[in-house]
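This briefing covers a predicted model.

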Amino acid sequence: MKLSHFTYDLPKELIADRPTPHRDDSRLMVVNRKEGTIEHKMFNEVLDYFDDGDIMVLNNTKVFPARMYGNKEKTGARIEVFLLRELNGESRLWDVLVDPARKIRIGNKLYFGEDDSLVAEVIDNTTSRGRTLRFLYDGSYEEFRAKLAELGETPLPKYIGREPDEEDVDRYQTIFAKHEGAVAAPVAGLHFSKQLMKRMEIKGVDFAELTLHVGLGTFRPVEVEDLSKHKMDSEQFWIYDETARKVNKSIDAKKKVCAVGTTAMRAMESSVSTDGHLNQFDGWTNKFIFPPYEFEVANCMITNFHPPQSTLMMMTAAFGGYDLIMKAYKEAIKEKYRFLSYGDAMLII
């Protein structure tokens, strides 16, 4: 498969810039691989497709306020700093993206906050607009992290086209978010409300959690026509013993194992035993899934509608079947589904 196979025209007005009033108010397209059918539902009807003993695998990563704005020493130029990854807590070292990158060189200092209460020095260049910063801060590590949280803002994707506000602090986060470390939300999980999860539990549907800290690798554009030449950035993930045990129990009972989101799917596919069971794991993955691909663990998936030519769309097509997913996207545009992070959902069964 080539990059150009994943092109489609996404009308700007279908890009959701706000979440629905309630989490489970979004629409749900149900794509049945065996029947080749497409149904239109509401997300709170997802319950109808699952039974006692089925399991939902959730990514419990938590988004941190990764976007900050600083001023460059001497010139005072405003610089956007996007925190990617903490390299060393003690030394206050971080990998970041800076914009505009051409203005930022090794040795430059950046000042943050109205009172310049936080200073950072550029100590290295990394790939594609990246820099390594050493933050200069006198307080304890806890105080330093609190300062980052105070100065940072919710890292809404740029295509949303507005400044984040108070609503986004809550809604660009799943209700089961626990472990901080993501620079983007695992958006399929945003549709789950407490009431819906309670109803699922009453029906006997189980939940298991893993953690994959969503990094920019998930969203980095694919720039090669030959997909086999694209390299994903690594993302850190954990699959816990209890999660592996619960998932394997559902596999052995021939129940539904539903990956909630492409990140949960990628984590599971990165830690599979030779007999198709899930292993406990603590490490990193740069796995890139595109058609054709044989999935080992999950047999259904919830996901959003993704940008053209994105690795997320490619994974969805690998799972749902290329022709059926392209048909589903065409149908979603015709039916005016809402696309991308705050948009509607797709269930592939």
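**Salt bridges and a helix**

The structure holds 19 salt bridges.

Salt bridges
- Arg67 and Glu80 form a salt bridge through their side chains, at 3.3 Å from N to O. Because Arg67 lies in strand E5 (residues 67-72) and Glu80 in strand E6 (residues 78-88), the pair ties together parts that are 13 residues apart in sequence. Both Arg67 and Glu80 are buried.
- Strand E6 also supplies Glu86, whose partner Arg145 lies in helix H1 (residues 141-151), so this pair ties together parts 59 residues apart in sequence. The N to O distance between Glu86 and Arg145 is 3.6 Å. Glu86 is partly exposed at 28% relative accessibility, and Arg145 is partly exposed at 23%.
- Glu235 and Arg266 form a salt bridge with their closest N and O atoms 2.0 Å apart. Glu235 belongs to strand E13 (residues 235-239) and Arg266 to helix H5 (residues 262-269), so parts 31 residues apart in sequence are tied together. Glu235 is buried at 2% relative accessibility, and Arg266 is buried with a relative accessible area of 2%.

Helix H3
- Leu196, Met197 and Met200 are buried in helix H3 (residues 194-203). They lie on the same side of H3 because they cover an arc of only 95 degrees around the axis.
- Lys194, Gln195 and Ile202, on the other side of H3, are exposed.
- Strand E3 (55-59) and strand E12 (206-212) are what the buried residues of H3 pack against.
- Gly204 follows H3 and has a positive phi, near 100 degrees.

Note on methods:
Residues are numbered from 1 along each chain as its sequence is written. This is a predicted model: local features need pLDDT of at least 70, side-chain atom pairs count only at pLDDT 80 or more; totals for chains, interfaces and linings use all residues. Side-chain values use heavy atoms; hydrogens and water are left out. Buried means under 20% relative accessible area, exposed over 50%, partly exposed in between (1.4 Å probe, protein chains only). Helices (H or I, at least four residues) and strands (E, at least two) are DSSP runs, numbered from the N terminus. The arc is that of the directions from the helix axis to the C-beta atoms. Contact means heavy atoms within 4.5 Å. A salt bridge is a side-chain nitrogen of Lys or Arg within 4 Å of a carboxyl oxygen of Asp or Glu.
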